[in-house]
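Reader: Before we discuss any detail, I would like to see the model itself, and then to ask how each label attached to it was reached. Could you show it and start with a single residue?

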Amino acid sequence: MTGMTTAEVMAELAALEDPRARAVNEKHGDDHGVNLGKLRALAKRLKTQQELASELWATGDTAAKLLALLICRPKAFERDELDRMLREARTPKVHDWLVNYVVKKNPHAEELRLAWSGDPDPVVASAGWALTTERVAKKPEGLDLARLLDVIEAEMKTAPDRLQWAMNHCLAQIGIEHAEHRARAIGIGERLEVLKDYPTPPNCTSPFAPVWITEMVRRQHA
């Protein structure tokens with residue numbers, strides 16, 4: 001499968017187009033009709049191909065961009081290239097996969113975290129907060145957690161949806177991972193009430209930070 005051209009891959013993606021999958025994806029803001037399980041199966045057959053990944057990304061097609069993120073080499077991208085890609089990743093799934101599958105594994109991740117967190121584009125800023133949440137959980141050394149809580153307390157309530165969600169995740173992660181900040185994190189969540197009424201399926205944890213923090217800490221001690 002390593003010898004397929006971009007045109008051949010695009011033809012295969014077109015053949016995988018499913019109106020039912022598109023209807024489901026479009027509800028989440030993703031404009032493609034390829035089942036993600038089938039997309040991953042195609043990526044597994046193609047294996048890692050950086051040049052093909054770049055060509056697929058350049059098509060602008062959402063399914064092609066998702067496939068590109070699965071077959072690329074995360075460490076091969078330069079800082080400015082990732083910045084450009086993030087600004088081109090306007091659908092939620094492409095944005096999330098780019099941050100989680102590529103940027104987090106790239107040597108420029110910390111530099112981009114700092115640059116993106118204060119970006120005037122709230123979608124770009126949300127990527128910076130997602131990278132900050134990763135550091136809160138895995139490498140908190142050097143982070144000013146109290147300062148992060150100050151910013152969340154001041155800005156999360158009125159932040160646009162994507163940015164608000166990312167800041168809320170960071171708030172919860174601070175409360176879950178850092179006992180010395182837990183009471184304050186829960187208190188901020190209770191006062192701001194962000195996502196308090198978010199519809200949560202049975203057996204799933206609410207994204208409302210006080211509930212999320214309390215439940216995850218309970219599991220850690222179970």
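Author: Apart from residues up to four places away in sequence, leucine 112 touches Arg79, Leu82, Asp83, Val103 and Leu131. This is a predicted model, in which local features need pLDDT of at least 70 and side-chain atom pairs count only at pLDDT 80 or more, while totals for chains, interfaces and linings use all residues. Residues are numbered from 1 along each chain as its sequence is written, and side-chain values use heavy atoms, with hydrogens and water left out.

Reader: What makes Arg79 and the others count as residues that leucine 112 touches?

Author: Contact means heavy atoms within 4.5 Å, and Arg79, Leu82, Asp83, Val103 and Leu131 therefore each meet that limit with leucine 112. A separate value, taken between C-alpha atoms, is the 7.1 Å from leucine 112 to glycine 128, which lies 16 residues away along the chain.

Reader: Where does leucine 112 sit, and why is it called buried?

Author: Leucine 112 belongs to helix α8, where helices (H or I, at least four residues) and strands (E, at least two) are DSSP runs numbered from the N terminus. Its relative accessibility is 0%, and buried means under 20% relative accessible area, with exposed over 50% and partly exposed in between (1.4 Å probe, protein chains only), so leucine 112 is buried.

Reader: How do you know that threonine 132 and threonine 62 are buried?

Author: Threonine 132, in helix α9, has a relative accessible area of 1%, and threonine 62, in helix α5 (residues 62–71), has 8%, so both fall under the limit for buried. Beyond four places in sequence, threonine 132 is in contact with Arg113, Ser117, Leu143, Leu148 and Cys170, whereas threonine 62 is in contact with Asp31, His32, Thr91 and Val94.

Reader: Why are the buried residues of α10 placed on the same side of it?

Author: Those residues of helix α10 (residues 145–155) are Leu145, Leu148, Leu149, Val151 and Ile152. They cover an arc of only 160° around the axis, the arc being that of the directions from the helix axis to the C-beta atoms, so they lie on the same side of α10. An α-helix has 3.6 residues a turn, so residues three or four places apart point the same way. Among the elements that cover the buried residues of α10 are α9 (122–138), α11 (161–177) and α12 (182–192).

Reader: What makes the largest pocket a pocket, and what is its volume?

Author: On a 1 Å grid over the protein atoms alone, a pocket is an open set of points with protein on both sides within 12 Å along at least five of seven lines, whereas a cavity is a set where a 1.4 Å probe fits but cannot get out; lining residues have an atom within 4 Å of a point. Grid points are joined across faces, edges and corners, and a volume is the space filled by probe spheres set on the points; for the largest pocket this is about 750 Å³. Of its 24 lining residues, the closest to the centre are Asp96, Arg162, Trp165, Ala166 and His169, and the largest share, seven residues, comes from α11.

Reader: How many residues of each class line the second largest pocket?

Author: The lining has two nonpolar, no polar and seven charged residues, where Ala, Val, Leu, Ile, Met, Phe, Trp, Tyr, Cys and Pro count as nonpolar, Asp, Glu, Lys and Arg as charged, and the others, Gly among them, as polar. Lys104, Ala109, Glu110, Arg113, Leu131, Glu134, Arg135, Lys138 and Lys139 line this pocket, so Ala109 and Leu131 are the nonpolar ones.

Reader: How many disulfides does the structure hold?

Author: It holds zero, a disulfide being a pair of cysteine sulfur atoms within 2.5 Å.
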